[in-house]
Amino acid sequence: MDDGALFDATPYEAPPQPDPYEGMGQDARRTARRRELLEQGIHPITKRPTRPDLGTCGDCANLVVKDIGRKRHWFKCDLALSGDVYPTGPDVRKSYPACTGFKAGADAPREVTP
Ligand code: SF4
């Protein structure tokens, strides 16, 4: 940098990182990433700390069911939904450990309109 320039303008190139999920399909990658987060004590849906002592997502009042008919439905977390007209968000497994957003008092998952 002796050419009188104020700053070194050499572009920074990050070294390539190995892909820990190489060869895996999209669903398998997602499952592996979620498993890793759970092992770190992070809930894969809300990214909040897990609280397995509270129960599971299946026990939480924030669990909602999105039913699109034709006997197809998915469980979602109310805290991770976006969009008022057509709420979307990641699928939740009822067996996931609870997170710090856990709300007690779930009888049955509330239904959201697709
Ligand atoms: S415990 Fe409740 S708030 Fe937390 S991710 Fe599960 S459903 Fe959502």
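Cys57 touches Leu63, Cys77, Val92, Arg93, Lys94, Tyr96 and Ala98, when residues up to four places away in sequence are left out; two residues are taken to be in contact if their C-beta atoms, placed from the backbone, lie within 7 Å. The structure is a predicted model, in which local features need pLDDT of at least 70 and side-chain atom pairs count only at pLDDT 80 or more, while totals for chains, interfaces and linings use all residues. Residues are numbered from 1 along each chain as its sequence is written.

Cys57 lies in the loop between H1 and E1, where helices (H or I, at least four residues) and strands (E, at least two) are DSSP runs, numbered from the N terminus. Cys57 counts as buried because it has 25 C-beta neighbours inside 10 Å; a residue is buried if 20 or more other C-beta atoms lie within 10 Å of its own, exposed if 12 or fewer, and partly exposed in between, with C-beta atoms placed from the backbone. From C-alpha to C-alpha, Cys57 and Phe75 are 9.5 Å apart in space, although 18 residues apart in sequence.

In soluble globular proteins, nonpolar side chains tend to be buried together. Cys57 is one of the 12 residues of the largest nonpolar core, which also includes Ile45, Leu63, Val64, Tyr96 and Phe102; such a core is a set of buried Ala, Val, Leu, Ile, Met, Phe, Trp, Tyr and Cys residues joined through C-beta atoms within 7 Å. Cys57 is also listed, with Cys60, Cys77, Cys99 and Gly101, as closest to the ligand among the 15 residues that surround it, a residue being near a molecule or strand if its C-beta atom, placed from the backbone, lies within 6 Å of it. The shell around the ligand divides into 11 nonpolar, 4 polar and no charged residues, where Ala, Val, Leu, Ile, Met, Phe, Trp, Tyr, Cys and Pro count as nonpolar, Asp, Glu, Lys and Arg as charged, and the others, Gly among them, as polar.

Strand E1 (residues 63-69) runs antiparallel to strand E2 (residues 72-77), to which 6 bridges join it; two strands pair if DSSP finds at least two bridges between them. Within this pairing, Lys66 has Trp74 as its bridge partner, and Asp67 stands opposite His73. The two strands form a hairpin with 2 residues between them, and Arg70 in the turn has a positive phi of about 50 degrees. E1 is also joined by 3 bridges to strand E3 (residues 110-112), which runs parallel to it, and there the bridge partner of Val65 is Glu111.

Helix H1 (residues 26-39) contains Thr31, which is partly exposed, with 15 other C-beta atoms within 10 Å. The C-alpha atoms of Thr31 and Pro11 are separated by 36 Å, the two residues being 20 apart along the chain. The 14 residues of H1 should span 20 Å at 1.5 Å a residue, and its end C-alpha atoms are 20 Å apart, which agrees; the expected span is 1.5 Å times one less than the number of residues. H1 is followed by Gly41, whose phi is positive, near 80 degrees. Lys47, in the loop between H1 and E1, has a positive phi near 60 degrees and counts as exposed, with 10 C-beta neighbours inside 10 Å.
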